[in-house]
Amino acid sequence: MTQTLKRHLFLLFGVLFFITGLVGVVLPLLPTTPFMILSAACFANSSPRFHQMLLNNRWVGEDLRRWERERAMKRETKKRATWIIGVTFLVSIILIWPRWPLVILLLVIALILLAFLWRIKEVDVNAANSR
């Protein structure tokens, strides 16, 4: 595969992952952060300009830079994500109530998502700031 084709494919996937991440902000079953991480990785291989724009974004930039640097998250970010997951899944469950198979499926998905989230390594922001 030629370098140009490879770069264009990474760029295309970066844009697709970015859009999917944006959609994930409002859809409960679609997580935002993994798609933004994938988007940043694709842009790192295709477009330094888009990669920097994503890393400098005021909403996700700090978390993406930390992920690229340390493969870790702040506890505060995990707590915020937990609240968002909880609220969006609760709204979804209320909307489909009392369809028990779907309610159970949503609960299982939420628990798996939270288990993965809380297994990610945490960075101690206070220790990093004291250096």
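Mentor: Start with Arg 75, which is partly exposed at a relative accessible area of 43%. Buried means under 20% relative accessible area, exposed over 50%, and partly exposed in between (1.4 Å probe, protein chains only). This is a predicted model, where local features need pLDDT of at least 70, side-chain atom pairs count only at pLDDT 80 or more, and totals for chains, interfaces and linings use all residues. Residues are numbered from 1 along each chain as its sequence is written, and side-chain values use heavy atoms, with hydrogens and water left out.

Trainee: Which residue forms a salt bridge with Arg 75?

Mentor: Glu 122, with the closest N and O atoms 3.1 Å apart. The two residues are 47 apart and link distant parts of the chain: Arg 75 is in helix α5 (residues 75-96), Glu 122 in the loop between α6 (100-119) and α7 (125-130). Helices (H or I, at least four residues) are DSSP runs, numbered from the N terminus. Glu 122 is partly exposed, at 30%.

Trainee: How many salt bridges does the count come to?

Mentor: Six. The rule is a side-chain nitrogen of Lys or Arg within 4 Å of a carboxyl oxygen of Asp or Glu.

Trainee: Switching to helix α4, where do Glu 62 and Arg 66 lie?

Mentor: Both are in α4 (residues 61-70), four residues apart, about one turn of the helix.

Trainee: Is Arg 66 buried or exposed?

Mentor: Arg 66 is buried, at 6%, whereas Glu 62 is partly exposed, at 39%.
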